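Q: I would like to learn how to read features of a model one at a time. Can we take them in turn?

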Amino acid sequence: MDKHTPSRDNPWLELRRLTPARIALGRTGTSLPTSAQLDFQFAHAQARDAVHLPFDHAGLREQLSARGQASLLLHSAASDRHSYLQRPDLGRRLHEDSAQHLREHAQANPGGIDLAIIVADGLSALAVHRHTLPFLDRLGEQVAAEGWSTAPVVLVEQGRVAVADEIGELLGAKMTVILIGERPGLSSPDSLGLYFTYNPKVGLTDAYRNCISNVRLEGLSYGMAAHRLLYLMREACRRQLSGVNLKDEAQIQTLESDTDAPKNGNFLLNTP
Amino acid sequence: MASFVHAVGTQTYRFDSLKEVMAKASPARSGDFLAGVAASNDGERVAAQMALADIPLTHFLTEALIPYEDDEVTRLIIDTHDKQAFAVVSHLTVGGLRDWLLSDAADESSLRALAPGLTPEMAAAVSKIMRVQDLVLVAQKIRVVTRFRGTMGLRGRLSTRLQPNHPTDEPAGIAASILDGLLYGNGDAMIGINPATDSIASICALLEMLDAIIQRYDIPTQACVLTHVTTSIEAINRGVPLDLVFQSIAGTEAANASFGINLNVLQEGYEAGLSLKRGTLGQNLMYFETGQGSALSANAHHGVDQQTCETRAYAVARHFKPFLVNTVVGFIGPEYLYNGKQIIRAGLEDHFCGKLLGVPMGCDICYTNHAEADQDDMDMLLTLLGVAGINFIMGIPGSDDIMLNYQTTSFHDALYARQTLGLKPAPEFEGWLARMGIFTQADGRVQFGDNLPPAFRHALAQLG
């Protein structure tokens, strides 16, 4: 901190290594010092920009095509971001033109598919731009190894999670997985969420889905996310269901190891 | 069902039910548009407010917005209505009630006496025809005082919930945020953790840890781990030390069912908490969280506007003599409260309605990154609620909740309110802060001690 200012550092700065929380920010009078104040404003600005960043579907389709993957571009019933943010019901349905486009695709490719892969901007196009391709590379290998049939990757502008239900139903898909930008946090503007549904149809609630959250460089790795998703898909095929009744044992194992953690001591209680 | 006709200017407006008048009289917010219950234009909204102002309060006792037979919250409201307490305003209309509340006839003691005589629908109705300054002025007259290990809600006091959340419930990380908060004078309302992991073993470990910290440093505060009420009951059955029993609640039976609760389950939680007799000054021990939009998001609103649904949740809360109730106003997102203006108004409505009904209200003054809101909006709501006499606010490091991914008031924000409005912490905690040498407050100004408290200096030395 600038020694010419009246602000004070906190003598407990070393606690910062114990948590990513914004502790020991110091104070000037009782207020935030300038640097901490502006750091926060920048983090918020990044999160806001992530919410409003337009979905670069053209760029994504080009990259998919370069990998030999076909794609379809659809739009939800929410016409723009303003309407998307206030009308979640519209983001969950396809625009009529898009629904028709998908019906025509399905008629030209009859017989249904095992898995529909959908990519939607959600609340962070940034997350989708950063993580879609590396994650799909991992997933693609595993899907091929299982021998599951797929449709072209479906991109949806202004889409919410449940839009995958309508897409899955129109494509006659046994399973859907949607990659979607999660609500940006102050320190995580690019978190990707994966939602998996077995036997998708319009009107399902979230109780019928399984969610894998926080896929990003500082969070869950692509490999681990693909591993958990594959586990869910195999189990779903075996038990013919998804959602709360489908336990994600891969996840449960992590949770159980977490439950031991709070039993460890901490510096406030270790003193004699 | 009555219909209401109001002529204003060259137009005549007709509303087919009390529910419709209430919804259309609500100041504009995205959730009511999403539900399809909002006024179709500004003129219709003010006409509905005029129609609402003319409705006698007694009418609210004969036309339930959600049928008595269908909803246990309605039954609770009607069955516990205190007619004697109501008598003082029973001759008034909604508009007359606003005038009465703003008049000298309404003071701290008359408002306390009135509280059990008002239904949530009456409180919601009058709030809809009040401006921001009315909501602040009337709320400021009211005090709702509760006690456990500290005293909440005294005039000239503002308490904070220290919220030391951590993405993986790491004990050392939680302890770091707790110490940061205590050294900034936060935490007199409670030290309250939103756990990342909801397993019973993890919840019990966190409860043990909070209890140990409070005992070790002799802090006159309360601990809470915000888990489902049935998990708290299970923790109590296992003999784990638990101060405050938490639950999210809403204003309809169906919305509460979506939370996995009903009035019986809450009663069981309340009785389990009471059985521990851990309060030293009093036995207010329920901690409830609410928020406009929760009934709609559970598709359980029965066509009732979101502010009225929210106020009905306070009838649920007051039945269990809570320690504190927290409206988490901006957490739910822009499809319910779109921007800073809507969040600010909603926070003030919730605080006013809760206090009018005798509920110890606090507010999580907060927003998410997809709402059109920022720190300036939170400063405005914090200042207004500070003037309005709110019981408590949140306190977290640097406004950034790294577990729940939203922004709420910081440790520094509470100090701002103390400095500008002269608000002190709860008296028991004020004494502890002085004994520890953390800070004292004279004429509003906060004077920090020169040195770290020895007990905490020793703890920090452990880190090497």
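Q: In which sense do β5 and β6 of chain A pair, and over how many bridges?
A: In this predicted model, strand β5 (residues 192–198) of chain A pairs with β6(A) in the antiparallel sense, over 5 bridges. To place the pairing at residue level, take A:Tyr195: its bridge partner in β6(A) is A:Cys211.

Q: What is the order of the strands in the sheet of chain A?
A: The order is β1-β3-β2-β4-β5-β6, in an open sheet of 6 strands with mixed pairing. Its edge strands, β1 (71–75) and β6 (209–215) of chain A, each pair on one side only. With direction ignored, neighbouring strands of this sheet are turned by 20° against each other on average.

Q: Which strands does helix α6 of chain A touch?
A: Helix α6 (residues 125–146) of chain A packs on the sheet and touches β2 (113–120), β4 (173–181), β5 and β6 of chain A. The direction of α6 makes about 145° with that of β4(A). Helix α7 (residues 163–171) of chain A lies across β2, β3 (153–157), β4 and β5 of chain A, and runs at about 145° to β2(A).

Q: How many residues of chain A are in contact with chain B?
A: As a general idea, the size of an interface is often given as the accessible area lost when the parts come together. Here the description is by residues in contact: 46 of chain A with 51 of chain B. On the side of chain A that touches chain B, α1 (34–52), α3 (81–86), α9 (249–260) and α10 (267–270) of chain A each supply at least two residues. The most comes from α1(A), with 6 residues. By class, that side of chain A has 25 nonpolar, 13 polar and 8 charged residues.

Q: At what angle do helices α9 and α17 of chain B pack?
A: Helix α9 (residues 132–141) and helix α17 (residues 340–356) of chain B pack at an angle of about 35°, and their axes are 9 Å apart. The crossing of α9(B) past α17(B) is left-handed. From α9(B), the residues that meet α17(B) are B:Val132, B:Leu135, B:Val136, B:Val138 and B:Ala139; on the α17(B) side they are B:Arg345, B:Leu348, B:Glu349, B:His351, B:Phe352 and B:Lys355. This contact has 7 nonpolar, 1 polar and 3 charged residues by class.

Q: Which residues does UniProt list for "binding site" in chain B?
A: The unreviewed UniProt entry lists B:Pro195, B:Gln247, B:Ser297 and B:Met403 under that heading. They do not all gather at one spot, because the farthest two C-alpha atoms are 22.5 Å apart; in sequence they span 209 residues.

Q: Is B:Pro195 buried or exposed?
A: A residue counts as buried if 20 or more other C-beta atoms lie within 10 Å of its own. B:Pro195 has 21 within 10 Å, so B:Pro195 is buried. B:Pro195 sits in the loop between β6 (190–193) and α11 of chain B. Its contacts beyond four places in sequence include B:Asp169, B:Ser202 and B:Val225.

Q: Where does B:Gln247 lie?
A: B:Gln247 is in strand β8 (residues 245–248) of chain B. B:Gln247 counts as buried because it has 26 C-beta neighbours inside 10 Å. Leaving aside neighbours within four places in sequence, its contacts are B:Val229, B:Ile261, B:Leu266, B:Gly269 and B:Phe288.

Q: Why is B:Gln215 exposed?
A: B:Gln215 has 11 other C-beta atoms within 10 Å, so B:Gln215 is exposed; the limit for that class is 12 or fewer. B:Gln215 has its place in helix α11 (residues 200–216) of chain B.

Definitions and conventions. Residues numbered from 1 in each chain as written. Chains lettered and ligands numbered in written order. Predicted model: local features only at pLDDT ≥ 70, side-chain atom pairs only at ≥ 80, totals over all residues. Axes fitted to C-alpha atoms, helices over the stretch in contact; angles between N-to-C directions. Helix = DSSP H or I, 4+ residues; strand = E, 2+ residues; numbered from the N terminus. Left-handed = near helix turned anticlockwise from the far one by under 90°. Contact = placed C-beta atoms within 7 Å. Nonpolar A, V, L, I, M, F, W, Y, C, P; charged D, E, K, R; others polar. UniProt positions renumbered as here; feature names shortened; annotations may be inferred. Pairing = 2+ DSSP bridges.
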